[in-house]
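Okay, thanks for making time, everyone.

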Amino acid sequence: SSRRRHTRSGPQSRGLGDVYKRQILVTVISIFLAVEFFEKIDDFIEAGVSMQRAAVYFLLRIPFVLVLLFPMAIFLSSLIALGLMNKRNELMALRSGGVSMIFFLRSLLSLGLLFSLMHFMISEILVPISSGKANQMYTREVDKKEALASKEKNIWIKGNRRISHIKYYNPSTQTISGITIYYFDEKFSLIRQIDAASATFKNGKWVFRHILEQALSPETGEYNTAFHEQWDGTLEIFPEDVEEVAKKSEEMNVLELWEYTDTVDKEGYDATRYRVDLHAKMALPFVSIILCVLALGIGVKRKYRDNLFSVIAMGIGVAFLYWILNSFCLSLGYGGVLPPIVAAWVANCVFACASVAALANPE
């Protein structure tokens with residue numbers, strides 16, 4: 001009898017888990033996109049962008065949203081499936097039939113590994129392409145800015161008879177490095193060029209340092225050269241403009257981000273933010289494995305057998321707690337308080353210990 005019950009419960013539980021995984025994943029993605037839709041739809045309308053183009057933008061955002069919410073959806077769906085099996089005494093029946101916790105653990109570890117591989121593939125293949133196109137569309141069609149990031153990740157920004165070239169931008173300090181600004185007249189002839197080692201945005205204006213200025217003299221037709229230690233310039237570019245067009249970590253896969261971080265370091269710039277993002281890209285896929293094990297440790301507890309709502313509420317709370325802890329640690333990494341590798345992995349380590357503790361006390 002127990003063997004028949006084991007045979008019947010196995011496929012049924014797997015099918016139930018698959019159903020909840022699809023439903024929860026679709027639900028959380030829809031909620032996230034709905035929030036972003038209401039946040040940005042006014043910008044699309046004011047810019048005169050058609051609803052078809054706006055729909056394309058939000059569709060391009062789906063892979064990025066999927067990567068962010070994938071582990072949480074897997075955790076909640078596994079937790080609900082195990083909670084329902086516990087409530088219907090299916091777990092007790094399986095244990096009576098000789099199925100041990102090792103069997104459940106091995107199954108969920110295999111499931112978590114599969115989803116981690118899927119997560120990594122989506123993050124490496126789909127997200128850089130879709131995020132790059134979405135960010136480019138928003139910059140050009142909504143913000144109406146003409147900009148191009150070269151293959152070397154340098155930033156080119158086109159303005160009113162002006163082209164600005166920025167080698168590196170640090171969003172933490174709102175500092176740009178390696179700036180060259182070209183000014184042109186109505187005939188597109190170069191009339192002025194400014195080269196600066198760095199510039200910091202303070203009190204609504206850019207403060208340039210170590211400047212070489214070359215200006216065309218109308219009388220002689222030659223360029224006059226001047227050196228300045230510091231110059232408070234009026235530039236039609238703001239930090240948010242540079243941040244929008246700068247190459248983002250989400251637009252690069254692990255190998256590209258690794259090479260870019262190494263290049264930034266060799267050029268003498270601060271690559272802390274990109275190094276933190278690099279380690280975070282490698283740490284995030286492992287969350288699915290850790291949370292699947294944690295779902296097993298919570299879902300099999302007998303005290304939650306008759307209260308599925310508590311299991312679901314706990315799962316939502318745990319999911320939010322992970323993102324709060326992870327975001328907080330990444331912020332400390334961006335600020336240099338924690339080493340990049342520690343900032344990216346500390347949340348995984350904490351929840352891995354919590355998973356082991358939950359499995360060690362199944363009652």
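**Starting from α3**

So, α3: of its 26 residues, 23 are buried, so this helix is largely enclosed by the rest of the structure. Before I go on, keep in mind that this is a predicted model. The mean pLDDT of the chain is 80, and 85% of its residues reach 70 or more. The part to be careful with is residues 1-17, where the pLDDT is below 50. That stretch has 12 contacts in the model beyond near neighbours in sequence.

Back to α3. The helix isn't straight: there is a bend of about 50° at Leu69, with a proline, Pro71, following within four residues. And just after α3 you'll find Asn89 with a positive phi of about 65°.

Now the core. The largest nonpolar core has 42 residues, and the members touching the most others are Phe75, Leu291, Leu294, Tyr322 and Phe351. Which elements give two or more residues to this core? They are α1 (2-46), α3 (62-87), α4 (90-96), α5 (101-142), α9 (287-299), α10 (308-334) and α11 (340-360). Our helix α3 gives the most, with 15 residues.

Next, strand β3, which runs over residues 162-170 and holds His165. Is His165 buried or exposed? His165 has a relative accessible area of 13%, so with the cut-off at under 20% it counts as buried. Leaving out neighbours within four places in sequence, the contacts of His165 are Asn154, Ile155 and Trp156 on one stretch of sequence, plus Gly178, Ile179 and Thr180.

On to the aromatics. Searching the whole structure turns up 15 aromatic pairs. One of them is Phe37 with Phe58, a tilted pair at 5.5 Å centre to centre and 55° between the planes. This pair links distant parts of the chain, 21 residues apart: Phe37 is in helix α1 and Phe58 in helix α2 (residues 51-60). Phe37 is partly exposed at 28% relative accessible area, whereas Phe58 is buried at 9%.

Another tilted pair is Tyr168 and Tyr274, with 6.2 Å between centres and 55° between the planes. Here the two partners are 106 residues apart, Tyr168 in strand β3 and Tyr274 in helix α8 (residues 272-283). Tyr168 is buried, at 3% relative accessibility, and Tyr274 is buried too, with a relative accessible area of 8%.

Phe37 and Phe58 also belong to one aromatic cluster, along with Phe38, Phe44, Tyr57 and Tyr138.

The charged end of Arg192 sits over the ring of Tyr183, 5.2 Å from its centre. Then there's Arg273, which lies over the face of Tyr334, at 4.2 Å from the ring centre.

That's my tour, so over to you for questions.

Methods
Residues numbered from 1 in each chain as written. Predicted model: local features only at pLDDT ≥ 70, side-chain atom pairs only at ≥ 80, totals over all residues. Heavy atoms only, no water. Core = buried A, V, L, I, M, F, W, Y, C linked by side-chain atoms within 4.5 Å. Buried < 20%, exposed > 50% of the residue type's maximum accessible area, 1.4 Å probe, protein only. Contact = heavy atoms within 4.5 Å. Bend = angle between axes of the 7 residues up to and from the residue. Phe/Tyr/Trp six-rings, centres within 6.5 Å; stacked < 30°, edge-to-face > 60°. Lys NZ or Arg CZ within 6 Å of the ring centre and 35° of its normal. pLDDT = per-residue confidence, 0-100.
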